Amino acid sequence: MALLDRAKRLLWNIAAAPERTDRQAAAAVAIEPLMPARPLQLTRLDAAFATLVGPIPASCRDTPSMISLPEKQFLFGLASRYYAGKGLIVDAGIFLGASTRCFGEGLRSNPRQEDIVRALPRPIVSYERAIVNPNMPRFFRKHGLPVSAAPGESFEAELRRLIEPVKELVDLRIGDFMDAPELDRPVEILFLDILKSSALSLRAFRLFYPRLIPGHSLVVHQDYFFEELPWIKTHQEGLANYFDFVGEVGSSAVFRCRKAVPRPVLDGLDDLPPAEQLRLASIALHRSADPARRFFMAVSKMRLIRKLQGRAAARAYLESIKAEFPEQVAQTDNRRLVYALRRAEEFLARKPKKAHKEGTRTAEQRVPSA
Ligand SMILES: C[S@@+](CC[C@H](N)C(=O)[O-])C[C@H]1O[C@@H](n2cnc3c(N)ncnc32)[C@H](O)[C@@H]1O
């Protein structure tokens with residue numbers, strides 16, 4: 001009997017062995033290799049999207065831009081390998097057109113390009129007012145660009161020159177985005193780098209979000225992990241029931257639309273109760289796997305606290321951030337981290353701006369690289 005039992009157990013072990021091996025293999029696949037990434041350099045995307053960050057043509061890499069190389073690679077990869085022509089690619093706030101160039105060149109290498117362009121002759125809709133702001137001349141000089149336009153003047157000619165090779169694919173809309181009319185097509189890929197005020201953010205959400213395709217469309221928020229512009233975080237997280245977080249690349253966060261966003265929910269973003277805004281800012285804070293990005297998100301939340309609860313509460317929160325992020329505060333050789341903290345201190349030191357001015361990102365061209 002004992003012999004029979006032992007034989008049975010042996011047979012059971014042999015039968016069970018492959019199952020355990022499969023489970024172990026599955027567990028091994030689920031574990032991401034821990035890549036050493038410098039602060040603010042981490043790229044972490046859902047497995048289905050990670051492979052989109054690959055080589056790009058030199059023309060895309062070399063177009064002067066405020067976005068990082070991995071972000072350019074991701075946009076190129078989206079247009080070449082994700083985009084199916086089910087709707088438009090919307091590129092809002094293109095400055096000198098680097099993102100539009102990435103989308104255009106990416107689309108050129110999309111195997112479905114001919115069908116897409118037959119159905120949608122100019123599938124990339126790009127928005128930009130192309131007016132020089134006080135920080136742009138420095139950017140033009142740094143990149144050796146032939147732009148002599150002064151603040152308040154137009155840089156449209158330079159933008160058109162830089163996107164010339166893809167212009168047949170682009171519906172370029174020059175002007176104030178606040179006056180942009182409704183689109184009459186679905187939006188398949190939405191890249192937003194124009195949400196520099198709460199009003200611009202609400203405008204973009206109302207214009208584009210009802211056009212997203214459930215289960216497919218992607219929203220890429222370029223300023224999501226930027227330490228300012230808190231409304232981007234609260235507006236997007238206010239719609240968490242309708243989106244899945246796909247990951248982070250550069251300072252961009254990527255979300256996929258899970259289900260259609262009802263119009264009243266979008267309208268409600270304008271009027272979220274203060275406690276809800278703070279809750280959403282806390283949720284946003286934990287999206288990143290990079291402690292340096294979480295530090296930025298906390299600094300962004302400090303700005304929201306200043307608006308909702310006043311300067312003393314914001315000061316207390318900034319002190320708690322310093323205690324909670326000791327490594328980030330101590331990295332005095334990282335220009336981005338130092339800059340973020342210095343700007344936070346300056347922000348607390350000055351009187352609040354008038355409501356209509358709040359959120360204009362005057363420093364957008366002054367942000368040093370990490
Ligand atoms: C941070 S920059 C975009 C950088 C760009 N994505 C790149 O790759 O370099 C933001 C852009 O939004 C544009 N912008 C800001 N407010 C706007 C508005 N109300 N209408 C149209 N464009 C606007 C600015 O002119 C600026 O070029």
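Colleague: At roughly what angle do the axes of helix α13 and helix α16 cross?

Modeller: Roughly 10°. This is a predicted model, by the way. The axes of α13 (residues 291–309) and α16 (residues 335–349) come within 11 Å. Angles under 35 degrees count as roughly parallel, so α13 and α16 are roughly parallel to each other.

Colleague: Which residues make that contact?

Modeller: From α13, they are A292, F296, V299, M302, R303 and R306. From α16, they are L337, A340, A344, F347 and L348.

Colleague: And how does the contact of α13 with α16 split by class?

Modeller: Nine residues are nonpolar, two are charged and none is polar.

Colleague: Is the crossing left-handed or right-handed?

Modeller: Right-handed, as α9 passes α10.

Colleague: Which residues meet there?

Modeller: α9 brings S198, S201 and F205. α10 brings W231, I232 and H235. By class, the contact of α9 with α10 has three nonpolar and three polar residues, and no charged ones.

Colleague: How many residues of α10 are buried?

Modeller: Eight of the eight, so α10 is largely enclosed by the rest of the structure. The buried set includes charged side chains by name: K233 and E237. Also in it are P230, W231, I232, T234, H235 and Q236.

Colleague: OK, ligand now. Which residues come nearest?

Modeller: S65, G93, F95, R129 and F177, out of 19 residues around the ligand. The elements giving two or more residues to that shell are α5 (98–108) and β3 (124–128).

Colleague: How many charged residues are in the shell?

Modeller: Six. The shell also has 10 nonpolar and three polar residues.

Colleague: Zooming out, how many helices and strands are in the protein chain?

Modeller: There are 16 helices and eight strands. The protein chain has 370 residues, and 41% of them are buried.

Colleague: What share of the contacts join residues at least 24 apart?

Modeller: In the protein chain, 76%, counting contacts between residues at least 6 apart in sequence.

Note on methods: Residues are numbered from 1 along each chain as its sequence is written. This is a predicted model: local features need pLDDT of at least 70, side-chain atom pairs count only at pLDDT 80 or more; totals for chains, interfaces and linings use all residues. A crossing is left-handed if the near helix is turned anticlockwise from the far one by less than a right angle, and right-handed if clockwise. Helices (H or I, at least four residues) and strands (E, at least two) are DSSP runs, numbered from the N terminus. Two residues are in contact if their C-beta atoms, placed from the backbone, lie within 7 Å. A residue is near a molecule or strand if its C-beta atom, placed from the backbone, lies within 6 Å of it. A residue is buried if 20 or more other C-beta atoms lie within 10 Å of its own, exposed if 12 or fewer, and partly exposed in between; C-beta atoms are placed from the backbone. Axes are lines fitted to C-alpha atoms, for helices over the stretch in contact, and angles run from 0 to 180 degrees between N-to-C directions. Angles under 35 degrees count as roughly parallel, over 145 as roughly antiparallel, 65 to 115 as roughly perpendicular and the rest as oblique.
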